[in-house]
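The sequence and the model are shown first, and the description follows.

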Amino acid sequence: MASTTTLLRKVWELLLYNNNNHRRSTSSSLIITNGRHHPSSMGPLLDLLPLDVVMIIVKLVGAKEAAKLSVVCKMLRSVVQDNRLWIHFFHISPDFQPVDFVFFSETYLRSRYPNQIIVDDMHLMRIYAMRTQVPGSVIIDGGSGYCKFGWSKYVSPSGRTATFLEFGNIESPMYSRLRHFFGAIFNRMQVKPSMQPVVVSVPLCNYDDTQSAKASRRQLKEAIYTVLFDMQVPAVCAINQATLALYAAKRTSGIVVNIGFHVTSVVPILNGKVMRRKVGVEVMGIGALKLTGFLREAMQRNNINFGSLYTVRTLKEHLCYVAADYKAELLKDTQASMQIPGEGLITLSDERFQVGEILFQPGLAGVQTMGLDQAVALCIDHCHDAVLTGDDSWFKTIVLTGGSACLPGLAERLEKELRKICPSSLSSGIRVIPPPNGGDTAWHGAKVISNLSTFPDPWCMTKSQFRRKSRLSIMW
């Protein structure tokens, strides 16, 4: 029997033969051409080896060359078409997201609206080839505090700036502000708008289901499309941040808790669509700005003063957390310090967990609103009463998103409180997921979409499609 080493050498010779386009003999009996092995000679040799050994050999030659081997013989064709081989190639390729994201997105999101495809019916070799052909896109996460932007092929956002809701002169018309905003991002990325699709995450705003709120949301989205198409962007996808955060968590249904810059929203989403009318969005008047301001006031009471709110936010992000039991935490020594350039060593104690506590007890900050656990419990109750599906499990997954949602202990505390508040029939199976990608979760959700094998269709709209629509179809 030919050794694995010999066979591998012959496989490489075969690849060289194919790559150099050697002329094949019309004689079926000719085995050697220009000193190289003709494909017809490989079948009998491969048949002598166990299938798992052949699989190892094919893995070694790489995805591009492996695809060529399907024409060599029947055994190689079966190996090359084996999904396990392409799972391996997805896993080792630096150009693709982790395999679990590939399976999630290609299973549920290929046709835009979540529609499950049986994994066994997926041809991963074809999907791999299609994903290598997907053009790079510019992803712009509008944010509510600051914007994140970067290439869809990058691991993470490459830059940050003010969100377009606060960019430039807020008294200027929305079109002018958006034009300035997008132009600044394209300049920083050093790209021409006309060269690639753009995926924009739209901040959650105008939460109600009233006609005026609907009109405001529609006007914002139409302005985004209009500006980008006027800048000659070939295709645009604009989608709300809550849905993108859910996709980043590999979910298409659930409740998204977005701790934004000014407010916290509790958003029920079923099959990728916000259940604004049938369930409703709960809003708390506490956001990241209030948390940072509360910490600054607490520090000032201890004669610690900073001129920059950025420094206070840095302390919040590095030292603060959410206590599992607030009263018990008050009895502990919780001091911790951090070296601040130009300010020296800063030490915090109870402030570390009191900041996050105002999410559950807003009265501590003088805010008259329901606590986070109460808002989520109310949303769960409304989802249950709406009876949108025969299965209640869809709203028992709660995904946190937003920079302040990254406070250590928040997910565990919220899950604990929900199990206390909700009836046992609803609390059973509840799971709270921390921000999958920290403060960049929505950006990564957009990355899931923009790397689909079917992208940019059917997710994006072209200028001609936009013009044909008398009324923009908004996916909220």
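## Helix α17

Helices (H or I, at least four residues) and strands (E, at least two) are DSSP runs, numbered from the N terminus.

Leu410, Ala411, Arg413, Leu414, Glu417 and Leu418 are the buried residues of α17. They lie on the same side of α17, because the arc that they cover around the axis is only 160°; this arc is that of the directions from the helix axis to the C-beta atoms. Glu412 and Lys420, on the other side of α17, are exposed. Buried means under 20% relative accessible area, exposed over 50%, and partly exposed in between (1.4 Å probe, protein chains only). The cover over the buried residues of α17 includes the helices α15 (351-357), α16 (372-386) and α18 (424-427), together with the strands β8 (254-259), β14 (397-401) and β15 (431-433).

## Basis of the model

The model is predicted: local features need pLDDT of at least 70 and side-chain atom pairs count only at pLDDT 80 or more, while totals for chains, interfaces and linings use all residues. Residues are numbered from 1 along each chain as its sequence is written, and side-chain values use heavy atoms, with hydrogens and water left out.

## Two polar contacts

Glu357 is part of helix α15 and is buried, with a relative accessibility of 0%. Its side chain makes a polar contact of 2.9 Å with the side chain of Arg413. A polar contact is a pair of N or O atoms within 3.5 Å; within protein, one must be able to donate a hydrogen and the other to accept it, and residues adjacent in sequence count only if both atoms are side-chain atoms. Apart from neighbours within four places in sequence, Glu357 is in contact (heavy atoms within 4.5 Å) with Tyr326, Leu364 and Arg413.

Ser404 lies in the loop between β14 and α17 and is buried, at 5% relative accessible area. The side chains of Ser404 and Lys316 form a polar contact of 3.1 Å. When residues up to four places away in sequence are not counted, Ser404 touches Ile259, Ala288, Leu291, Lys316 and Leu410.

## Nonpolar cores

A nonpolar core is a set of buried Ala, Val, Leu, Ile, Met, Phe, Trp, Tyr and Cys residues joined through side-chain atoms within 4.5 Å. The largest such core has 51 residues, of which Ile380, Ile398 and Leu418 touch the most other members. Helix α16 supplies the largest share of this core, seven residues. Another core, of 30 residues, lies apart from it and has Leu178, Phe181, Phe182 and Met189 among its members.

## Cysteines

The whole structure holds zero disulfides, a disulfide being a pair of cysteine sulfur atoms within 2.5 Å. Cys460 is in no disulfide, and the nearest cysteine sulfur, that of Cys237, is 5.1 Å away. Cys460 is buried, with a relative accessible area of 8%. Cys320 is also buried, at 2%.

## An exposed loop residue

Pro341 sits in the loop between β12 (336-340) and β13 (344-348). Its relative accessible area is 74%, so Pro341 is exposed.
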